[in-house]
Amino acid sequence: MSFRTRGRTFRLGPALGLTLLLALLAASPAAAQDGVDTGDTAWMLAASALVLLMTPGLAFFYGGLVRRKNVLSILMQCFLCMGVMTVLWVVIGFSLAFAPSALGGLIGGGDYFLLGSLGHDAWDGTTIPAPLFMIFQGMFAIITPALMIGAFAERMKFSAICLFMSAWLLVVYAPVCHWVWGSGGGFFGFGEGALDFAGGTVVHINAGVSALVAAMVLGRRRDYPVHTSPPHNLPFAVLGTGLLWFGWFGFNAGSALAANGSAANAFVVTQVATATAAATWGLIDWIRDSKPTLLGVITGAVAGLVAITPACGSVSAIGAIGVGAGASLFAYLAVTWLKARLGYDDSLDVFGVHGVAGMWGAVAAGLWATDTVPENDANGLFYGNAGQVWTQIEAVLFTIVWAAVVSFILLKIVDLIVGLRVSDDEERIGLDLTDHRENAYTLVD
């Protein structure tokens with residue numbers, strides 16, 4: 001037996017060669033992890049990566065919609081979430097969300113602080129390794145605070161964003177996550193029997209309402225609404241929408257935590273609802289303004305993605321058409337009528353799209369839920385169970401109150417520590433230069 005390396009040939013005696021061969025054949029594989037299924041694990045690894053991709057997609061979506069002097073600040077803020085939120089999630093966030101309850105069910109305890117005692121066997125009730133469940137949920141913890149960036153774009157201090165986002169993850173997001181998906185069983189009965197497959201309350205209502213509060217506390221941008229700027233790079237926004245749409249299959253179908261019929265249904269209804277919402281918004285534009293707009297179509301697509309999120313584990317493809325159409329209708333009214341009527345400056349319509357479409361999606365789950373969907377045993381109003389609608393409304397209302405009150409308190413604390421808003425000169429020059437000493441295109445807007 002011989003082998004060749006770097007131009008030299010080495011020979012092994014027959015006995016030594018036979019010994020090595022027998023050793024290789026006799027070597028036993030590593031012990032299997034208890035309860036872990038390789039197929040489910042492979043799918044969830046891919047789903048986790050898909051959800052991570054959504055945050056760069058969000059960066060391009062938001063970045064294309066702001067003025068060019070602020071595009072890098074948006075990209076920076078999204079990548080801030082990818083970095084800081086990951087570390088916070090590993091250190092304490094996962095434990096607060098998924099450890100056994102503390103403080104009467106308000107929050108998780110410290111069992112998984114620094115991932116202590118997490119282990120590598122299957123996470124409770126799943127067939128995937130516990131660290132994989134942790135990091136999949138961590139991808140949600142990254143994008144949820146990032147969603148809020150669009151509401152206060154172009155006028156909030158970077159230092160304030162760092163503090164607010166970090167605190168928000170731990171005291172707003174983690175408790176709601178614990179009530180809905182953790183082992184606490186809710187707080188004061190929150191979410192008992194409510195349908196939220198992939199994060200309507202946890203992600204979209206939570207972030208959308210908090211974003212609205214932040215926009216109102218900060219106040220309007222300079223010269224708003226007298227001078228409003230169109231998207232500086234609509235193709236960037238389209239690229240971001242495409243990445244969000246693609247990643248959302250991991251977001252929704254991955255929430256089944258297995259490669260099964262529930263994941264397949266979530267995948268299908270995500271596509272159907274999003275396509276319906278995109279077409280609906282385009283049709284509304286066409287009827288109202290005589291021209292369908294690309295900005296309207298991509299906004300409708302995002303609204304559809306948001307709305308189907310809580311319902312994707314309980315509605316069929318037919319129900320998804322209703323969810324998608326309603327998402328565009330209600331989000332359109334919020335963006336074009338409610339915003340003007342109330343006078344708040346939600347820069348990129350985070351509340352109108354994520355908040356309102358998220359609320360609609362949560363309620364719509366109570367309308368179209370059907371036990372014909374794999375792994376779902378709840379029916380909604382249209383399948384004989386009117387009580388499910390009220391259950392959904394209760395969860396929505398509780399989330400609105402929690403997110404609004406706690407976010408307001410956090411914003412006031414951050415304002416006392418570092419101040420929330422940039423100066424008029426910094427806002428006029430643009431945050432790319434004033435916050436980061438970089439510019440994407442030119443030195444002037």
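Is the crossing of H10 and H11 left-handed or right-handed? The crossing is right-handed. A crossing counts as right-handed if the near helix is turned clockwise from the far one by less than a right angle, and left-handed if anticlockwise.

These legends describe a predicted model, in which local features need pLDDT of at least 70, side-chain atom pairs count only at pLDDT 80 or more, and totals for chains, interfaces and linings use all residues. Residues are numbered from 1 along each chain as its sequence is written, and side-chain values use heavy atoms, with hydrogens and water left out.

**View 1. The whole chain.** The chain holds 14 helices and four strands. Helices (H or I, at least four residues) and strands (E, at least two) are DSSP runs, numbered from the N terminus. Of the 445 residues, 53% are buried. Buried means under 20% relative accessible area, exposed over 50%, and partly exposed in between (1.4 Å probe, protein chains only).

**View 2. Helices H10 and H11.** H10 covers residues 317–342 and H11 covers residues 350–368. Their axes come within 8 Å and cross at roughly 145°. Axes are lines fitted to C-alpha atoms, for helices over the stretch in contact, and angles run from 0 to 180 degrees between N-to-C directions. Residues in the contact include Gly-322, Gly-326 and Phe-330 of H10, and Gly-352, Trp-360 and Trp-368 of H11. Contact means heavy atoms within 4.5 Å. The contact residues divide into 13 nonpolar, four polar and no charged. Here Ala, Val, Leu, Ile, Met, Phe, Trp, Tyr, Cys and Pro count as nonpolar, Asp, Glu, Lys and Arg as charged, and the others, Gly among them, as polar.

View 3. Of the 19 residues of H11, 18 are buried. At 1.5 Å a residue, H11 should span 27 Å. The expected span is 1.5 Å times one less than the number of residues. The end C-alpha atoms of H11 are 25 Å apart, which agrees.

**View 4. Gly-57 in helix H2.** Gly-57 lies in H2, residues 38–65. Gly-57 is buried, at a relative accessible area of 0%. Beyond neighbours within four places in sequence, Gly-57 is in contact with Gly-240, Leu-243 and Leu-244. Gly-57 and Trp-245 are 188 residues apart in sequence, yet 8.9 Å apart in space, C-alpha to C-alpha.

**View 5. The loop between S4 and H4.** Leu-114 lies in this loop, between strand S4 (107–108) and helix H4 (130–147). Its phi is positive, near 55°. Leu-114 is exposed, at 54% relative accessibility. Ser-117 is in the loop between S4 and H4 too. Ser-117 has a positive phi of about 65° and is exposed, at 61% relative accessibility. Most residues other than glycine have a negative phi.
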